[in-house]
Amino acid sequence: MNKAAVYHRADRSMAYSINSDEMQIRLKTAKNDIHQVTLVHGDPYDWTNDQWNFSQLDMKAAGTDELHDYWEVNISPPYHRLRYGFILSNKKKSVFFGEKNFHPAPPKDIGEYFCMPYMNKADLFQSPEWVHNTIWYQIFPERFANGDASLNPPATIPWGSEDPKRDSFFGGDLQGVIDHLDYLEDLGINGIYFTPLFEASSNHKYDTIDYFEIDQYFGSKETLKELIAECKKRGIKVMLDAVFNHSGFFFPPFQDVLEKGENSRYKDWFHIWDFPVQTTPEPNYDTFAFTYMMPKLNTEHPEVKNYLLEAARYWAREFDIDGWRLDVANEVDQAFWREFRTEVKKINPDLYILGEVWHDSIPWLQGDQFDAVMNYPFTTNALQLIAKRSITVKTFIENMTKVQYMYPSPVNKAAFNLVGSHDTPRILTECDGDEQRVKQVLTLLLSYYGTPCIYYGDEIGLSGGMDPGCRKCMEWDPHKQNSELLNFTKQLIALRKSEPLLSNDGDLSFYNLSDQTVILKRENKQEAILILINLSDKKDAVKVPYSLNKRKTVDLMTGEAHKWKKGKFKLKPQEIKLVKIH
Ligand code: ARE
């Protein structure tokens, strides 16, 4: 038995409440090492004649990655407290694993057990319910649509007449979005994530000048109000981007520091190394990356904190926005985010807080800071498998499983899944222009748990490499849009909405049955949907170990009964199949 690989910690990633009465416990062991795991558990105060009363419960072998097996069990401690440990068995032996030691059998001393002291409701991770059924659409406002030419910035380039450069302006604005809400409604999305809208000098607006003003080239507060009202009418949620890690160079307090140096009353609003402040050859203050245009804000300073928190409250209160996406969220101090959460949730308990973190995000996902992070590990895996074909189906499943068990299940339900953004090459480009692969990527995105996001234009076949390539003008001429891809995306979105199993009502697992077809299963106790994606240019036939006897099966893409060929799924080269089993 590989004891060194046995891992559990009573922290919020492996032992956590999933609702006010039920908790979930997970354990990690070396792959194929342990054959059975039993949870030994009891209430810490439940004793009879000096004997602690405990019970046993088998854990489920829930998933496996390259090196580990994951075990999981749900339990409802009647008094909301628990001491617990694990009996691990393989063919040769059985041992008890507790907080402090391994033992031959469950020990008498409950100090040896792991401890869930009390399932306090205040410690529960809770994300807004609506997010679990939201399909997002990300808009980079400068490039979505130019609806009001009177707002065009100087030197505006005619819409789509050339590929964007770092400093191009094409005149996209909020009126343009209002004008195309029918398009978005028809597409079926029900949430818009806007990259920053506030006053800034660049085209991407990540260099804020005024956190309380809409950028003049995008429109006015009235236009935003109208846009939000129109979205509400259509059941579309609106999420804005908050850039609180740094300000823009032209943020007046930073300009004051540049002008007055050490005498500026704002000198502690930033992280200035020494005076006078310089920008060249290198800035002598903390910045985002090495960008002198983005001085890092001192979010520990009470005035900065108040200023930014008031901005967060202002747009939530006055504009009734539904979400905040937090830029460079992992570089801002966590005490700030805790206050941020308390403040915005006071105004709207249902406001979605999405942090931009590309790495392991567990510190921010414990219920006291974010509701979700941008799930870039999902992006990487999906693209490596489908777009690049650089990993095998087996590796893909292992990688996805690893991410799945990195986070508690309630966290996974709210994960913001994406296959591209304004910071990455577009999927069509990642897929080397292969439209079928794009469809496969979108199928995975829209049948995975979490809350999926489509980057504007991906649905009509826009291409583009790294920024600024991925920020081309949206194509509005129907003849130049890829209507086949658009219709396919619409169909997938409609399916996700009509089949709750595809969003968050279904458990998710993988079948590792073929090295050319990836197979996902979404199921609840009554029914299941199998998602099969043949990645190869060859036919495939897979026999899924699912009891199909007397069950009705429907091909969700055609709406017709699925025909079985000797209990096998026959797949054409590159074929995508979604089959519902009743
Ligand atoms: C642009 C170019 C740069 C160039 C710079 C110079 O992209 O190559 O060096 O200009 O002027 C915004 C703009 C960008 C702009 C940038 C700086 O949108 O166009 O860059 O400002 O002016 C990391 C961070 C993550 C961050 C990405 C970009 O962790 O927070 O880098 N993303 C946000 C936004 C961006 C925005 C900013 C931050 C700044 O979404 O749009 O940029 O406000 C790995 C790493 C990650 C890394 C990721 C991507 O996975 O582990 O940490 O993310 O790669 O690089």
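How far apart do the C-alpha centres of domain 3 and domain 4 lie? In this model the answer is 57 Å, with domain bounds taken from an automatic or database domain assignment.

Before I go on, please keep in mind that this is a predicted model, in which local features need pLDDT of at least 70 and side-chain atom pairs count only at pLDDT 80 or more, whereas totals for chains, interfaces and linings use all residues. Residues are numbered from 1 along each chain as its sequence is written, and side-chain values use heavy atoms, with hydrogens and water left out.

The division runs as follows: domain 1 covers 3–123, domain 2 is made of 131–244 and 302–502, domain 3 spans 246–298, and domain 4 takes in 507–581.

Let me turn to charge pairs. Side chains of opposite charge can pair when their charged atoms come close. I call a pair a salt bridge when a side-chain nitrogen of Lys or Arg is within 4 Å of a carboxyl oxygen of Asp or Glu, and by this rule the count comes to 45.

One of them joins Glu-398 to Lys-394, with the closest N and O atoms 3.1 Å apart; both residues sit in helix α8 (residues 393–406), four residues apart, or about one turn of the helix. Helices here are DSSP runs of H or I with at least four residues, and strands are E runs of at least two, numbered from the N terminus. Glu-398 is buried at 7% relative accessibility, while Lys-394 is partly exposed at 44%, where buried means under 20% relative accessible area, exposed over 50%, and partly exposed in between, using a 1.4 Å probe and protein chains only.

Another salt bridge connects Asp-423 with Arg-471, whose closest N and O atoms are 3.5 Å apart. This pair links distant parts of the chain, 48 residues apart, with Asp-423 in the loop between β23 (416–418) and α10 (427–430) and Arg-471 in the loop between β24 (451–455) and α12 (483–498). Arg-471 is buried, at a relative accessible area of 6%, and Asp-423 is partly exposed at 23%.

Lys-439 and Glu-484 also form a salt bridge, their closest N and O atoms being 2.6 Å apart, and this pair too links distant parts of the chain, from helix α11 (residues 435–446) to helix α12, 45 residues apart. Lys-439 is buried, with a relative accessible area of 8%, whereas Glu-484 is partly exposed at 45%.

Finally, Lys-572 lies in the loop between β30 (569–571) and β31 (576–581), and Lys-572 is exposed, with a relative accessible area of 56%.
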